Amino acid sequence: ENPLTETLTRRYLTPLMQIMNKFQLYEQLIEHVVDFNALPEYKINAVHDVELQALVEEQNGLEQRAEKVLQDARSSYASFAEVRLEKSSQHGLFLRTTKGDDERQLRQQNSSIRILSILKNGTHFTTPVLERIAERYLAIDQEYQEKQQELVDKAVETALSYLPLIES
């Protein structure tokens, strides 16, 4: 072998390969702890806590109920528009038409809807039933954030153990 290749391998390649192997454990930790399905929102994977699992199940049930509200809207008062179920940190779950000028016809078809906003991407609105679902949905989000904090602290503590590796 070439002496230069041997020196480069010994001084740089081998240590870098060792560091890379150690970081695979760190990568597995992150993949195990973070719920990538929730991105861009930051959530700990619910498999780590029975209470978090219960909250996720309740939230899934609420999403199913919201889907029923969406189907009802599509088949009745909003049948003239393309309607989608959306999520936001402000309103939880809400409905959105794809056109901003659907607002007047929505109000004519269903007097109980509440317009949240009219934007370029459509008319955002809700119904009394969907508002109750959304309130609980947001409350679960808040509860999840509070309950996951202990797990976040443990994960950060474990991640800090990699600091010497990072510094090296």
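This report describes the helices, the sheet and selected residues of a predicted model.

## Basis of the model

The model is predicted, with local features needing pLDDT of at least 70, side-chain atom pairs counting only at pLDDT 80 or more, and totals for chains, interfaces and linings using all residues. Residues are numbered from 1 along each chain as its sequence is written, and side-chain values use heavy atoms, with hydrogens and water left out.

Helices (H or I, at least four residues) and strands (E, at least two) are DSSP runs, numbered from the N terminus.

## Helix 1

Helix 1 covers residues 3-33, a run of 31 residues. From first C-alpha to last it reaches 44 Å, close to the 45 Å expected at 1.5 Å a residue; the expected span is 1.5 Å times one less than the number of residues. Helix 1 bends by about 45° at T9, where the bend is the angle between axes fitted to the seven residues ending at a residue and the seven starting there.

At the start of helix 1, the backbone nitrogen of L4 has a side-chain oxygen of N2 within 2.8 Å. A polar contact is a pair of N or O atoms within 3.5 Å; within protein, one must be able to donate a hydrogen and the other to accept it, and residues adjacent in sequence count only if both atoms are side-chain atoms.

## The sheet

Strands of a sheet pair through backbone hydrogen bonds, either parallel or antiparallel. Here four strands form an open sheet in the order 1-2-4-3, with antiparallel pairing. Strand 1 (83-88) and strand 3 are the edge strands, each pairing on one side only. From one strand to the next, the twist averages 30°; axes are lines fitted to C-alpha atoms, for helices over the stretch in contact, and angles run from 0 to 180 degrees between N-to-C directions. Two strands count as paired if DSSP finds at least two bridges between them.

Strand 1 and strand 2 run antiparallel and are joined by six bridges. A hairpin through three residues connects strand 1 to strand 2, and S88 stands opposite G92 in strand 2. Strand 3 (residues 114-119) and strand 4 (residues 122-126) pair over five bridges in the antiparallel sense and form a hairpin with two residues between them. In strand 4, T126 is the bridge partner of R114, and F125 is that of I115. Strand 2 (residues 92-97) pairs with strand 4 over two bridges, again antiparallel. F125 in strand 4 is also the bridge partner of L95.

## Helices packed on the sheet

Helix 4 (residues 128-160) packs on the sheet and touches strand 1, strand 2, strand 3 and strand 4; its direction makes about 135° with that of strand 2. Helix 4 has 33 residues and spans 47 Å from its first C-alpha to its last, close to the 48 Å expected at 1.5 Å a residue. A kink of about 40° is centred on Q149.

Buried residues (under 20% relative accessible area; exposed is over 50%, partly exposed in between; 1.4 Å probe, protein chains only) in helix 4 include L130, I133, A134, Y137, I140 and D141. The cover over the buried residues of helix 4 includes helix 1, helix 2, strand 1, strand 2, strand 4 and helix 5 (163-167).

Helix 2 (residues 50-75) contains R65. R65 counts as partly exposed because its relative accessibility is 49%. The C-alpha atoms of R65 and I133 are separated by 7.7 Å, although the two residues are 68 apart along the chain.

R96 lies in strand 2 and is buried, with a relative accessible area of 9%. Its side chain makes a polar contact with the side chain of E86 at 3.2 Å. H124 in strand 4 is the bridge partner of R96. Leaving aside neighbours within four places in sequence, the residues in contact with R96 include V83, R84, E86, G122 and H124, where contact means heavy atoms within 4.5 Å.

Five of the five residues of strand 4 are buried, so strand 4 is largely enclosed by the rest of the structure.
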